[in-house]
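The sequence and the model come first, and my notes follow.

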Amino acid sequence: MIILGIDPGSRITGYGVIDISGRKPQYVDSGCIRMKTDEPMANRLLTIFQGVDQLIGLYRPKVLSIEEVFLHKNPQSALKLGQARGVAMCAAAMSNLVVHEYAATRIKQTIVGQGHAQKEQVQHMVQSLLKLNKKPQADAADALAAALTHAFHCRLEGLL
């Protein structure tokens, strides 16, 4: 089973693709969908939608695992994050993918063992778990962590 993980953002949306067909999760791909910050928000959302839709077409995942919105001190940032999540989830729904949402603290707890881990710790553990030659970019590592979290919870619940 292929899992697409998404770390949504209005400027950078990270993605990570893993295959959990074997005993251990296998790295497939990761990267970032980057938006021009001088573009109107509607254009950035379209870029996210098209990018996620393209990834779904390319890798044919069965599941999309995405980070939940957490409360921001800045309400404007929370709204933009929610919009980015929404278009990614819409792309998944249009392709009939099951969408699973995980709190950032649950993802960090699952991957690092500590719910308030730093980005560098997440990068290190993702690199280690997937046996990567180098640390993935921070947003891509967060997306891979979201995908791994879903894989680990499926195994724990006996769904794999």
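Entry 1: I began with Asp7, which is buried yet takes part in no salt bridge, the nearest side chain of opposite charge being that of Lys119, 4.6 Å away. I note here that I am reading a predicted model. The 4.6 Å to Lys119 is not enough for a salt bridge, because that term asks for a side-chain nitrogen of Lys or Arg within 4 Å of a carboxyl oxygen of Asp or Glu. Asp7 belongs to strand S1, and when I set aside residues up to four places away in sequence, I found it touching Ile12, Thr13, Gly14, Glu67, Asp139, Asp142 and Ala143.

**Entry 2: the salt bridges.** How many salt bridges does the structure hold? I found two. In one of them the side chains of Lys119 and Asp142 meet, at 2.3 Å from N to O. This pair links distant parts of the chain, since Lys119 lies in helix H4 (residues 119-129) and Asp142 in helix H5 (residues 138-156), 23 residues apart. I looked up the accessibility of both partners: Lys119 is partly exposed, because its relative accessible area is 38%, whereas Asp142, at 8%, is buried.

Glu101 forms a salt bridge with Arg85, and the closest N and O atoms are 2.3 Å apart. Here too distant parts of the chain are linked, with Glu101 in strand S5 (residues 98-102) and Arg85 in helix H2, 16 residues apart. Glu101 has a relative accessible area of 37%, so I list it as partly exposed, while Arg85, with 9%, is buried.

**Entry 3: a buried arginine.** Arg44 lies in helix H1, and I recorded it as buried yet without a salt bridge, the nearest side chain of opposite charge, Glu39, being 5.9 Å away. Leaving aside neighbours within four places in sequence, I listed Ser10, Arg11, Met35, Lys36, Thr37 and Glu39 as the residues in contact with Arg44.

**Entry 4: Ile12.** I then went to Ile12, one of the residues that Asp7 touches, and placed it in strand S2. Is Ile12 buried, exposed or partly exposed? Its relative accessibility is 26%, and therefore it counts as partly exposed. Ile12 and Asp139 are 127 residues apart along the chain, yet their C-alpha atoms are separated by 7.4 Å. Apart from neighbours within four places in sequence, Ile12 is in contact with Asp7, Cys32, Ile33, Arg34, Met35 and Asp139.

**Entry 5: the nonpolar cores.** Which residues touch the most other members of the largest nonpolar core? Of its 21 residues, I noted Leu4, Ile6, Tyr15, Ile48, Val52, Ile56 and Leu64. Two or more residues each come from strand S1 (2-7), strand S2 (12-19), helix H1 (41-59), strand S4 (63-67) and helix H2 (75-94). It is H1 that gives the most, with six residues. There is also a second, separate core of 16 residues, which includes Ile20, Ala146, Ala147 and Leu148. As background I wrote down that nonpolar side chains tend to be buried together in soluble globular proteins.

Ile56, when residues up to four places away in sequence are not counted, touches Leu4, Pro61, Ala91, Ala92, Ser95 and Leu97. I followed this to Pro61, which lies in the loop between H1 and S4 and is buried, because its relative accessible area is 5%. Beyond four places in sequence, Pro61 is in contact with Ile2, Ile3, Leu4, Leu55, Ile56 and Leu97.

**Entry 6: how H1 and H2 pack.** The two helices pack at an angle of about 35°, with their axes 9 Å apart, and the crossing is right-handed. On the H1 side the contact includes Leu45, Ile48, Phe49, Val52 and Ile56, and on the H2 side Ala84, Val87, Ala88, Ala91 and Met94 are among the residues involved.

**Entry 7: two positive phi values.** Most residues other than glycine have a negative phi, so I looked for exceptions. Asn96 has a positive phi of about 60° although it is not a glycine; it is found in the loop between H2 and S5 and counts as exposed because its relative accessibility is 70%. Lys131, also not a glycine, has a positive phi of about 55°. Lys131 lies in the loop between H4 and H5, and at 63% relative accessibility it counts as exposed.

Methods: Residues numbered from 1 in each chain as written. Predicted model: local features only at pLDDT ≥ 70, side-chain atom pairs only at ≥ 80, totals over all residues. Heavy atoms only, no water. Core = buried A, V, L, I, M, F, W, Y, C linked by side-chain atoms within 4.5 Å. Buried < 20%, exposed > 50% of the residue type's maximum accessible area, 1.4 Å probe, protein only. Helix = DSSP H or I, 4+ residues; strand = E, 2+ residues; numbered from the N terminus. Contact = heavy atoms within 4.5 Å. Lys, Arg positive; Asp, Glu negative; His and termini not counted. Axes fitted to C-alpha atoms, helices over the stretch in contact; angles between N-to-C directions. Left-handed = near helix turned anticlockwise from the far one by under 90°.
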